[in-house]
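Visitor: Hey, I've got a structure open and would like to talk through a few spots in it. Can you walk me through them?
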Amino acid sequence: MFNCDVTAIDLTPMPLLSADDMTTASLSPSTDISVIEKPLFGIPEWLLQINDDISRALERGVNIRQLVNARACVIDDLLIELFKYFELNKTDLALFATGGYGRGELSLYSDIDILLLMPHDIDADTNKKIDNLVAILWDIGLEPALSVRSVSDCLEAALDHTIASALLEARLLIGNDALQDVPHQIVNNQWSPRAFFDVKINEAKARYLQHNATEYNLEPNIKTAPGGLRDIHIIGWVTKRYFRVSKLYDLVQQDFLTEKEFDELSFAEGYLWQIRHYLHELTGRNENKLLFDYQREIAQLMGYEPQPDDQPNDSVERFMRDYYRCAMQISTLSEMLTNHYYETIIEPQLPDEERPKKQPINARFNQVGEQIAMAHHRVFAQHPESILEMFLLMGQYGIKNVRTHTLRALKIAARGIDQAYRDNPAHQALFLANLKEQNYLFHRLRTMNRYGVLGNYIPAFAQVTGLMQYDLFHRYTVDAHTLFLIRILHRFTDPHFYEDFPLVSSIFQRIERKEILVLAAMFHDIAKGRGGNHSQLGEIESIEFCLAHGMSTADANLVGWLTRYHLLMSMTAQKKDISDPEVVTLFADLVGNVTHLNHLYVLTVADMNATNPQLWNSWRATLMKQLYSQTRRILRADIDAPTNRQDMISATRKQALIMLDNVDNQHMNRDEVLRLWDDLGDEYFLREIAEDILWHTEAILNHPPIGRASNADSPPLVVLREHRELALDAVQVFVYTQDQVNLFAVTMAVFDQMNLDVLDARIITATRDFALDSYVLLDRSGTLLVDSDSQQELKQRLIDAFKNPTSPKLTNKRIPRQLKHFNVATTINFEFNEASSQHIMSLETLDQPGLLARVGQVFLQQQIEVHAARITTLGERAEDMFYISDQNDQALSADKLKMLKTALIDSLSLRNDAI
């Protein structure tokens, strides 16, 4: 039983329950109180005061475990008094606390799970008393999760494993003593140890999947997510079914749990309880999701104060780092202890044919079924190198999991990895051999990380374990992202993923020294959280590590170069105009050779995939492939490679003609096609790809009047299709119409009105003053591709807007909840592009509904012509580029640029201030 001593907490005494206080009318316990006005004894006010007493006690430093127990004690006293007041103690009923309340664990607004159990069916008079009890519980604000059952009803209900779990926690408060052990007996009767274990483990697996099977969600549910309180509860459920214990510490006395494991679980549980207390206090409800709305304030309440040299998010990042570390500790122990239960309790009772067979691997390790196990308990103590040897054997023998007694010994042995261990050449060779062995590498490194091997062998890795960035872009902690990146690398060798990564897979499979990329992956973010340039710091540390492990200078420098420049390719592809040969040539100069390019391309693709599942798509894949292909040609001195703008234009036209000749083009006259292409201008062939050029060409030539689409009297042409290079409900929209000054602003406003997000935009003016605008849109509703009415509405709205080009109407939409908690300063920079005589404007600001429509309105007011746009959204941050000039296609003056910058900042700041 939990401790109900609340004297140290100074709780307000409970009001006396008196019939005179209940109502001025004569009232008996069996009277229907639902029809009587009642002051409720002052209990609602008392419960609020109790919550305040508990919060003040926490401020004074009272242990959170005492406080969750204290609230359970308070509710115990209240329910016992109400039970007696309504004379239910004169019946055969027994009142049980169940679930978390049965464990004696109540936060401020936790569910109050109670069971009224009767040995037989309940008579009418008792039913009336129960109804009165339930009514007053609701009236005083407890909102109980109440079950009223006979023993026979309970037997049937316990077939539901969730009810069975609650019954295992049942604690008699008052009533029929003869029923005290009945809930536990019912579970024993209805569930065998193995059946109950299997159903709870399957429940846990399903629960994990609901939370992306990771402890590292940006807004974790501290109760049900991996590493949450439920992972501690499941240890109790499966063991209570067998050991008949009432609290977790009893498992220590049963030699199932070690003292240290109990201490680790207790500390982590207390940490989560404290977070849960503040979540309830801030929201006034049973809230378990640690949303962005609360993270910063709870960090401060828990003592994470900003330090003098801190960046704005450092304190909340420290708080979340500690949360993630606790969550990983809980999930690791939960997995290990439930497996230990299976191996020590369930497995020995299995038939011989179901028990795992033991096969020796060497003198130190055996394979037991599909797991590896040490041959005797002194293996790690007598042979310290076997710590790393075990993981190498797992790769060589295709073993994914480790027996729990071995994991326990491993966790202890890992604490002995010190500098002398790291400097041992035999250990260094084993570590590198582990990285060279690709089989189950992710799973092996994950186990190394969870049980302290990786963090002790590479101390810098321990510093980034649990480290997150307070934004929506980086979805994982640094350690989880790093290991996921290594998992992505392995997928490049898996035929199941070849269709997703055809080019990068073929390149990776040709790279012989794959450990080079694995090492670059491990070090590319290892210096985050220290201040300074993490790429440059990581380069120094990676080179030192490689040289210390006996690698050649050339290999060490390659790992260091990849670490330093791991962002170069993605930033160039997404933020530069890679249709400009000068941009590609400059990138090629930085890369230097094809070996560097191949390694960098593979690392970049894996890094982008491992950063955020929503970041990688075929649009970005196309950019990366284009940059890789162009750079490779330059580095190989390909004489056919386009080296200037005119070469690239000619190459694109040539490729489009080849495609034209290879398709059914009877409806397109080749001479008409060539004449049209001459009208479209050079810029068009620099920015469009051959496939889209054919699509545009066919649409234009089929637009009435046929063959004369550039006639000023022609109505605007708007065509849609599924974006064939995107698999996320993307829509490609092509607009061909007479050029007008506010075309971009009008188009953006229409897209915004129809809830369409712009992913990419190419705005080009043909030589005959016709605009060729191509957009890739994301449809939030997912219906535009399949709903012909929505397609027609979009076309008609655009055509009507082009006909009436007044100042576009902007919509005011509520900003998404998550974005409200991020402060992204608006920054605007200009760079002059001599080749096009245009300025490239880069805009970084908080992503928000209607952003591009608002930007378009400012362009209209400032008489700015938009020639192209690159739209990039990285979590809460929008990083967009616009190629701009004045309305006469002339470069903008310094004064005009200053006015434009001021107008944009004012417009976007106005919106941000309203958030």
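Predicted model: local features only at pLDDT ≥ 70, side-chain atom pairs only at ≥ 80, totals over all residues.

Visitor: Okay, at what angle do α16 and α17 pack?

Guide: The angle is about 135°, and the axes of α16 (residues 386-397) and α17 (residues 404-414) are 11 Å apart. Angles over 145 would count as roughly antiparallel and 65 to 115 as roughly perpendicular, so α16 and α17 come out oblique to each other.

Visitor: Which residues make the contact?

Guide: From α16 you have Ile387, Met390 and Phe391, and α17 brings in Thr406, Leu410 and Ala413.

Visitor: And how does that contact split by class?

Guide: Between α16 and α17 there are five nonpolar residues, one polar and no charged ones.

Visitor: Switching topic: how many residues of α25 are buried?

Guide: Ten of the ten in α25 (residues 514-523) are buried, so this helix is largely enclosed by the rest of the structure. The buried residues include Lys514 and Glu515, along with Ile516, Leu517 and Phe523.

Visitor: Now Leu717. Where does it lie?

Guide: Leu717 is in strand β9, which covers residues 717-722.

Visitor: Is Leu717 buried or exposed?

Guide: Buried: its relative accessible area is 7%, and the cut-off for buried is under 20%.

Visitor: What does Leu717 touch, leaving out residues up to four places away in sequence?

Guide: Leu717 touches Ala699, Ile700 and His703, plus Phe734, Val735 and Tyr736. As for Ala699, Leu717 is 18 residues from it in sequence and 8.1 Å away in space, C-alpha to C-alpha.

Terms used
Residues numbered from 1 in each chain as written. Heavy atoms only, no water. Axes fitted to C-alpha atoms, helices over the stretch in contact; angles between N-to-C directions. Helix = DSSP H or I, 4+ residues; strand = E, 2+ residues; numbered from the N terminus. Parallel < 35°, antiparallel > 145°, perpendicular 65-115°, else oblique. Contact = heavy atoms within 4.5 Å. Nonpolar A, V, L, I, M, F, W, Y, C, P; charged D, E, K, R; others polar. Buried < 20%, exposed > 50% of the residue type's maximum accessible area, 1.4 Å probe, protein only.
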